[in-house]
Amino acid sequence: MTHLWLIPILPLMGAALNGLLGRRLSKTWVAIIAVGCTGLSCGLAIFEIVTFSDFFPLIERHFTWIQADRLRVGYDLLLDPLSSVMVLVVTVIGLLIHIYSIGYMAHEEGPNHGGYYRFFSYMNLFMFAMLTLVLANNYVLMFVGWEGVGLCSYLLIGFYFRKKSASDAGKKAFITTRIGDFGFSLGVFFIFWVFGTFDFQPIFRQAAAMSVEPMSQLGTLTVITLLLFMGATGKSAQLPLYVWLPDAMEGPTPVSALIHAATMVTAGVYMIARSNILFSRAPFTLLVVAMIGAVTALYAGTIGLVQKDMKRILAYSTISQLGYMFLACGVGAYAMGIFHLMTHAFFKALLFLAAGSVMHAMQGELDIFKMGGLKQKMATTYWTFVIASLAIAGIPGLSGFFSKDEILWNAFNAPQYGRFLWAIGWITAGLTALYMFRIVFVVFHGKFQGAEEAWHHVHESPRVMLVPLIILALGAIVSGYVQVPRFLFGGVESFTRFLAPVLEHPGAHKAEEVASAASRGMEINLTVASVAIALIGILVAFAIYLSKPERAKAIAGRFRLIYSLLYHKYWADEIYSAVILKPIYFISTWGLWKLLDLLIIDGLFVNGTGFVVRSVGSALRHLQSGRARNYAAWVVVGAVLIVAYLAWGR
Amino acid sequence: MVSLNYFLILAAILFSLGVIGFVMKRNLITMFMSIELMLNSVNLTFVAFSRHINSLSGQIFVFFVMVIAAAEAAVGLAIIVALYRNRESLSVDEVDRMKL
C-alpha cells in the first residue's frame, strides 16, 4: 500500500502545528517541527520512489472533491517519473533550505521571536502546496497547488511586512502572477470543454489521437496551450510578466532560494512538461514558448550584468535560466527542460544560500560594491559559491554544463529558427559566466570596500548553514552525471530514459531524430563553442573586475546609454507603470470610484432608496394617529371599498 | 310571509347604526354595544338567507357567532373593568397610550 498523500500532508501538519501553537513554543521546538515534518516527507518520498519505481505510473485516488454531472474532481495523486523528479527536487532542496533557515533566521528578534514560527509555518505550507502541485493527477488539484504556492510566495515575500517595500513586493508578485493564473484557469476550463475531464490520463489519451495542428491557424490545442503558457509566464517569471521576481528578493534569503529559484518558479516548466502531449500538437505555441524563453534568457541576462544588488543579480539570473528551460520545452526537448530545472535547482539554491551567508556576515548589506575580499574570512561560502558559479556558467564537469549544453544542442536542431535560438542561448551563456564571476570577483576578491566595523563583523556562518551549502555544492557537481551527452564516454542517458514514459510519445518530435548521425560532429563543435564563450565570460569578468577594477567605470562611461538602459532594467517598471498602471488608476479613480461608486451606487441606489422610503414614510405616518376611532374609520373605508369593488369593480 | 328584502334592509340599517355608533361614540361600553349590534345584524342576514334557501347551515353559523360574541363580551368587559380601575375613564381618546 502506498501512502503518497502523506508526502504533502506531513508539511501541512507542520504548518498547522507551528501556525497554531508556534507562538508558545521555543525556537528550538519550532525548528524541530518544521524540519522534522519536511524531513519525514523527504524520506517518505525517497522511499516511495525507490520502492515503487517499477509500478509507475502510480495513481492514488483518495476521495471525490467536486462532483457535478459528468464533472468529477478527485483528490488523486500521481507518481510517475516526471512527478518523482519534481518531488525529489522539492523535498531534498526544501529540506536543506529548512535546515539552513534555522541558522539564518536565528537572529530574528522581537515579539514571538520576530515571527520565527510564522516563517517556518509558511515554509511548510509552501512545501505542502508545491508537493500538491507536482503530485496532482488532474488540472484542478494542480491549480490548487499552483495558487497555494502563489499565496505562500506572497506571504513570505512580505514576511518583513513592516517594511513598505517588502509588503509592496508581495502584492506585486501576487497580482502579477494572478494575470498569468487568469490565463491558466481559462486554459483549464478550455480543456474541460474540449476533453470533458480534468484528469491527466484521459486528456492525454484523447490528445494523443489528435493530429498536429497547422502553424497558420489558431486551433483548439493551440489556444489551450497558449493560455496554459500564459500561466507559466506569470508563475515562472518570463517576459512580459517577469517583473515581480526581482522585487521578490525583499523576502528572507531562504525564501528566495526555495521559492524564487529552486521550486515555485519552475512550476511553469513542470506544467508544460506535464502537458507535453498538448504542446507537441500545437507547433505555434511551441514556437512562442521557445522564442519567449530565448528572449527572456538574453533580456534578463543583460540586466543582470550591471545590477549592484547581489540578490537581484541572482534573481535576473534565475529569470534567464528559466528562459533556458522554456527554450528547451519550446523546441520539444521537455526532458532537457526538466533536467536543467533539476540542476538549476541545486546550483541556484546554492547561490542564494551562499548569498544569504554573505548577507548574514554583512549584516544585511546587499550592494556588492560595498563588499570585497570576503574570501579570507568565509572560505566555505566562497568555495561553494564558486562551484555554483562554475556550474551555472557551464564549465565542463559540473552539472550546468550537461543540462545547458543539451538545451543548446536541441535548440540548434529545432525545426524552425534553430540557429537563431541557439545563438541567443549561446550569447546568454557568455553573459551568465560574466555576471556570475563579476559577483565572485567583486564580493570575494580584491579589497574590502565597506566600513571598518563592517569588516570586523564579517564571519563565517554557523555550521547549520554551511552543511546545506556543502551538500548542495555536491549536488551542483554530480547532479549532471545522470545525463551525459553521447559523444562523451559513449554517453549516459539515464535521465531521458527515466522520463521517457511520460515525455516521449509517438508523434512528439525529437531533436535526436532530426539530427542525423553526421551532425554528431556538430554537437561537439557547439559544445566547444559554448564552453569557449563561458570561459571568455569568466576572463572578461576577471579583466574588468579583478585585475583593474577602474576599468568597469571606464566601460560604463564609454557606453553610457547602454549602461543606463541596462541599469534601469530597460525602464520596464516605468513603462509598465505608464502604460498599464496609470490608466488603471485613472479608470479606477474617476470611472469606478468617483462615477460608479460614489455617484451611481452610493448616490442613486443606496441614498436614492433611502430617500424614497423616507419620503413615502413621512407621508404615510399621518395615518397612524393613535386614535382607535380613526383606525375604525379606516377599517370602514376599507370595507366599503372592497364591497364597492366586488359589486361594481369587475 | 315577509319577503327576504325586508330582513336584509333591516339588517343593513342595524349594521350601519352599529358602524356609526362605533366610529362616533367615545365611550368604550357604547362602542362595545355597537359591535354587538353589528354582529346581530349579520346574524339576522344569516337566518334570513337560511330560510330563503332552505338550508340549516346559516343557522349553525349564527350559533357560532353567538358563542364567539358571548366569549368576546366576557373578555371585553373584563378588559373594560380593568381599564376603568387603572384610568378612571372610559373615553377611548384618553386611553390611546399603552403606558400610563
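In chain A of this predicted model, helix α2(A) meets helix α3(A) through A31(A), A34(A), V35(A), T38(A), G39(A), S41(A), C42(A), A45(A) and I49(A) on the α2(A) side. Their partners in α3(A) are S84(A), V87(A), L88(A), T91(A), V92(A), G94(A), L95(A), H98(A), I99(A) and I102(A). Two residues are taken to be in contact if their C-beta atoms, placed from the backbone, lie within 7 Å. By class, the contact of α2(A) with α3(A) comprises twelve nonpolar, seven polar and no charged residues. In this classification Ala, Val, Leu, Ile, Met, Phe, Trp, Tyr, Cys and Pro count as nonpolar, Asp, Glu, Lys and Arg as charged, and the others, Gly among them, as polar. Helices (H or I, at least four residues) and strands (E, at least two) are DSSP runs, numbered from the N terminus.

Two packed helices are described by the angle between their axes and the distance between the axes. Helix α2 (residues 27–52) of chain A packs against helix α3 (residues 81–104) of chain A at an angle of about 155 degrees, and their axes are 9 Å apart. This angle makes α2(A) roughly antiparallel to α3(A). Axes are lines fitted to C-alpha atoms, for helices over the stretch in contact, and angles run from 0 to 180 degrees between N-to-C directions. Angles under 35 degrees count as roughly parallel, over 145 as roughly antiparallel, 65 to 115 as roughly perpendicular and the rest as oblique. The crossing of α2(A) and α3(A) is left-handed, a term used if the near helix is turned anticlockwise from the far one by less than a right angle.

Most residues other than glycine have a negative phi, and most peptide bonds are trans. A cis peptide bond, with omega about 0 degrees, joins L239(A) and P240(A). P240(A) lies in the loop between α8 (220–235) and α9 (244–247) of chain A. In the loop between α25 and α26 of chain A, K569(A) has a phi near 55 degrees, a positive value in a residue other than glycine. W571(A), found in the loop between α25 and α26, likewise has a positive phi, near 55 degrees. K569(A) is buried, with 21 other C-beta atoms within 10 Å, whereas W571(A) is exposed, with 12 other C-beta atoms within 10 Å. A residue is buried if 20 or more other C-beta atoms lie within 10 Å of its own, exposed if 12 or fewer, and partly exposed in between, with C-beta atoms placed from the backbone. H568(A), in the loop between α25 (560–567) and α26 (572–620) of chain A, is partly exposed, with 13 other C-beta atoms within 10 Å. Between H568(A) and P485(A) there are 83 residues of sequence separation and 39 Å in space, C-alpha to C-alpha.

Chain A as a whole contains 27 helices and four strands. Its C-alpha trace spans about 110 × 65 × 55 Å along the principal axes. Of the 650 residues of chain A, 50% count as buried. Among contacts in chain A between residues at least 6 apart in sequence, 81% join residues at least 24 apart.

Chain B has three helices and zero strands, in the order α-α-α along the sequence. The radius of gyration of chain B is 17 Å, well over the 13 Å that the globule rule gives for 100 residues, so chain B is more spread out than a compact globule. The radius of gyration is taken over C-alpha atoms, and the globule rule is 2.2 Å times the number of residues to the power 0.38. Along the principal axes, the C-alpha atoms of chain B fill a box of roughly 55 × 25 × 15 Å. Of the 100 residues of chain B, 13% count as buried. For contacts in chain B between residues at least 6 apart in sequence, 45% join residues at least 24 apart.

Residues are numbered from 1 along each chain as its sequence is written, and chains are lettered from A and ligands numbered from 1 in the order in which they are written. In this predicted model, local features need pLDDT of at least 70 and side-chain atom pairs count only at pLDDT 80 or more, while totals for chains, interfaces and linings use all residues.
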